[in-house]
Structure formats: C-alpha cells, structure tokens
Amino acid sequence: MTVTEGSQGDIWLQDQARSVATRFTFRPGRSYLPVWAPDGSRLVFAARGANTGGTAILQKQIGGNVPEESLLPARINQLPFDWSPDGKWIVYQTQGESTALDLWLLPMYGD
C-alpha cells in the first residue's frame, strides 16, 4: 500500500497474519503503484522525486537491506502496471511525444 503525507509518499508492506505494517521505501518524493514480482521476491514501483517532473520505475528486493535499483529513468506519465507470470516482462505506460499514452514491455532478463 502507499501512505501519503503532504508531498511525501512511501510504500508500506502489510503482514496480514500479524496485522503489522512495515515501511518499504525511504526516498524523498512519492513512491507508488507497487507491483509484485510473480515469485514474491521484489516489487517494481513508480517514483517521483520531490523536485522532478517525471516518474522513474524502480525495483527493490523484499527483505534484507538491499537498495532500490532504477529500471527506467524519469519520464512523463511512466507507470508500471503488471508483471508477466513468468517474470520476464513488466508492462508499463509512458507518454510519447507524438503518440500520447503507450504501453511498453520492459524485459527483465539479459542486458
């Protein structure tokens, strides 16, 4: 879930069995639209810095103290929507200069 206060928004994880919420993101600006990897090992999410006009797509491992990783640099209206069941692709939206809103596939394998 996303918890927002003023211009700050962070993703929190809710443990349903223990009714405990744990903060997952700790970056300035807003982190939102989390999408679980099919194997439950990580999340991808949208991140908008406090003073930027674009939204980046980041991923972060669940558990441990591993820093988040940038998958796509900030662009206008760039948002993750889904992960393929085999974990090989992320479906995301971005705004093209001449085509308005488009859906793209981001490969999660290879270079």
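Predicted model: local features only at pLDDT ≥ 70, side-chain atom pairs only at ≥ 80, totals over all residues.
Colleague: Nice. Which residues lie nearest the centre of that pocket?

Modeller: Those are R23, F24, F26, K60 and G64, out of the 15 residues that line the largest pocket. Strand 3 and strand 6 are the elements that give two or more residues to this lining.

Colleague: And how much space lies in it?

Modeller: The largest pocket holds about 200 Å³.

Colleague: Back to R23 for a moment. What does R23 form a salt bridge with?

Modeller: The partner of R23 is D10, and their closest N and O atoms are 2.8 Å apart. This pair links distant parts of the chain, since R23 sits in strand 3 (residues 20-23) and D10 in strand 2 (residues 8-15), 13 residues apart.

Colleague: Is D10 buried or exposed?

Modeller: D10 is buried, because its relative accessible area is 4% and the cut-off for buried is under 20%. R23 is partly exposed, at 31%.

Colleague: OK, how many salt bridges does a search of the whole structure find?

Modeller: The search finds 3 salt bridges. Besides R23 with D10, there is one between the side chains of D15 and R18, at 2.7 Å from N to O. In that pair D15 is partly exposed at 27% relative accessible area, while R18 is exposed at 57%.

Colleague: And what does R27 meet in a salt bridge?

Modeller: R27 meets E68, with 2.8 Å from N to O. R27 is in the loop between strand 3 and strand 4 (30-36), and E68 is in the loop between strand 6 (55-61) and strand 7 (69-75), so the pair links parts of the chain 41 residues apart. E68 is partly exposed, with a relative accessible area of 30%.

Colleague: Changing topic: how many aromatic pairs are there?

Modeller: The count comes to 1 aromatic pair. The rings belong to W89 and Y109, with centres 5.5 Å apart and planes at 85°, so the pair is edge-to-face. W89 is in strand 9 and Y109 is in the segment after strand 10, so the pair ties together parts that are 20 residues apart in sequence.

Colleague: How accessible are W89 and Y109?

Modeller: Both count as partly exposed, W89 at 30% relative accessibility and Y109 at 45%.

Colleague: You mentioned strand 9 and strand 10. In what sense do they pair?

Modeller: Strand 9 (residues 89-96) and strand 10 (residues 100-107) are antiparallel, pairing over 8 bridges. The two strands are joined by a hairpin through 3 residues.

Colleague: What's the bridge partner of Q95 in strand 10?

Modeller: That would be L101.

Colleague: Last one, about G9: where is it found?

Modeller: G9 is in strand 2, and it counts as buried, at 0% relative accessibility.

Notes:
Residues numbered from 1 in each chain as written. Heavy atoms only, no water. Salt bridge = Lys/Arg side-chain N within 4 Å of Asp/Glu carboxyl O. Helix = DSSP H or I, 4+ residues; strand = E, 2+ residues; numbered from the N terminus. Buried < 20%, exposed > 50% of the residue type's maximum accessible area, 1.4 Å probe, protein only. Pairing = 2+ DSSP bridges. 1 Å grid on protein atoms, 1.4 Å probe; cavity = no way out; pocket = protein on both sides within 12 Å on 5 of 7 lines; lining within 4 Å. Points joined across faces, edges and corners; volume = space filled by probe spheres on them. Phe/Tyr/Trp six-rings, centres within 6.5 Å; stacked < 30°, edge-to-face > 60°.
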